[in-house]
Amino acid sequence: MQERVRSWWRRGRWVALALVLLLVVPPVGAYAALRVNYAGDLADGTKSRGKDAVWLGHAWVDGRKKDADLAAFAERIRGTGIRDLYVHAGPLEHDGTLPADRYPRAKWLIDAVHRTMPGIRVQAWLGDVLATEGPDGLRLEKAGSRAAVVASTRQILDAGFDGVHFDLEPLHSDDANYLSLLDDLGTLTRARKAPLSVAAHQIDPLPALHSVVGGLTGSEKWWSQEFFGQVARRVDQIAVMSYDTWMPLESMYGGYVAQQTALALEVTPEDTDLLMGLPFFHEDDLGHHESAETVSAAVRGTRLGLGRTDRDRENFGVALYVDFAAEEGDWEAYRRDWH
C-alpha cells in the first residue's frame, strides 16, 4: 500500500543523511538561522483560502469505511478550508498499471462525498516506489511504464474520481523522465478538465545540497528550487511534504517550514495551487520528532513564509498528512491556527 512508501522513505537512509548534514551545516549556526526565521509577527490575511487538502488512507475505498465513518468525517471537516481529498487508490504496479480491484468502493465514496459535501473534490492518490535507489520499483525511464501510468490515470478518471494526485518516491531532482510523464498526464487531465496534483520533495535549504547528499549517499532528500519550479509549472496543484525534516526542536522546524514556504512560493506560478504539508502523524525517529514537528509549528512557519514572500497569494493552502494517524490535537491546532 502507498502508505508504506512514505514509511520506507522516512526510515531508509536517515543515519547516513544526518551525518552529511552534520558535515555541511554547522549545527549552532543552523539553529540560530532557523530560530530567527521562526521569530516575528504573523501578517494579517495569512490564513486559510479554502484550498486545503487531506491525505486519506486506503480504508475509504476498500470497504472498511462505512456511511457512519463518512458522516463523522464530514462533520470533522465542516467549516474548515479543506477542498481536496487525496484518497489512496493504489499503489501502482511496478509497470505502471493499476488493478481495478484496488478501489472497489470508490463509487460509493465519490457519490457520497458529492452528495453530502458539496464543493469537495475526490482525487485518487496514486504512487509507487521508484527504482532510483534500488533494483525494484517503477522505472520512469521506460516509455512503456510512463504510458501505463497515463493509462492508469485515464482508468481512474473513468471510475469517477475528480482528479489524480501522484506521490512517487524517492524521486531525484532534475529527473527529465518525470517531467515528460507530467507533460503527458497534463494533456490527459486538461482534456478531462480534471486537476493534476503531485506530492513534492522539499527544496534545497542550502544551494545544491541535493547534489552533495546524493554524491555521498546515493540518496537525494531534496529537489533543487529550479526543478521544483519545473514541476509546479506542469501541474494544477503541488503539495510539499514539509515534514520528516530531522529537526529536533519546534522552533527549528517552524523556521525550516517558513524557509520552505518562501522557496516554494518564489518558483510556483500563481495559477498553480501550492500546499504546505502538515504533520498529522506521530512517530519518533531520526527523521521525525513529534515534539518538534507539530501542526502548530508547521502552520506558524507556513504563515511566516507566506507573509514575507507573497501574502496575497490566493492559490495557497495546507495539506494534512494523514487521516488514519491523526490525533484530536492535530485537528484542533489546524482549526485554531489556520482559520
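This is a predicted model: local features need pLDDT of at least 70, side-chain atom pairs count only at pLDDT 80 or more; totals for chains, interfaces and linings use all residues.

**Stop 1: H6 and H7.** Select residues 143-158 for helix H6 and residues 176-191 for helix H7. Their axes come within 10 Å and cross at roughly 30 degrees. Angles under 35 degrees count as roughly parallel, so H6 is roughly parallel to H7. The crossing of H6 and H7 is right-handed.

Now show side chains. From H6, pick Arg146, Val149, Val150, Thr153, Arg154 and Leu157. They meet Asn177, Ser180, Leu181, Asp184, Leu185, Leu188 and Thr189 in H7. This contact of H6 with H7 has six nonpolar, four polar and three charged residues.

**Stop 2: H7 and H9.** Select Tyr178, Leu179 and Leu182 in H7, then Phe227, Gln230 and Val231 in H9, to see the contact. Its residues divide into five nonpolar, one polar and no charged.

**Stop 3: the largest nonpolar core.** Which members of this core touch the most others? Select Trp55, Leu85, Tyr178, Phe228 and Tyr334, out of 101 residues in the core. Next, colour helix H10, residues 250-267. H10 gives the most to this core, with nine residues.

**Stop 4: Phe228.** Centre on Phe228. Beyond its neighbours within four places in sequence, Phe228 contacts Ala200, His201, Ile203, Trp223, Ile238, Val240, Ala264, Val267, Thr268 and Leu274.

Conventions: Residues are numbered from 1 along each chain as its sequence is written. Side-chain values use heavy atoms; hydrogens and water are left out. Axes are lines fitted to C-alpha atoms, for helices over the stretch in contact, and angles run from 0 to 180 degrees between N-to-C directions. Helices (H or I, at least four residues) and strands (E, at least two) are DSSP runs, numbered from the N terminus. Angles under 35 degrees count as roughly parallel, over 145 as roughly antiparallel, 65 to 115 as roughly perpendicular and the rest as oblique. A crossing is left-handed if the near helix is turned anticlockwise from the far one by less than a right angle, and right-handed if clockwise. Contact means heavy atoms within 4.5 Å. Ala, Val, Leu, Ile, Met, Phe, Trp, Tyr, Cys and Pro count as nonpolar, Asp, Glu, Lys and Arg as charged, and the others, Gly among them, as polar. A nonpolar core is a set of buried Ala, Val, Leu, Ile, Met, Phe, Trp, Tyr and Cys residues joined through side-chain atoms within 4.5 Å. Buried means under 20% relative accessible area, exposed over 50%, partly exposed in between (1.4 Å probe, protein chains only).
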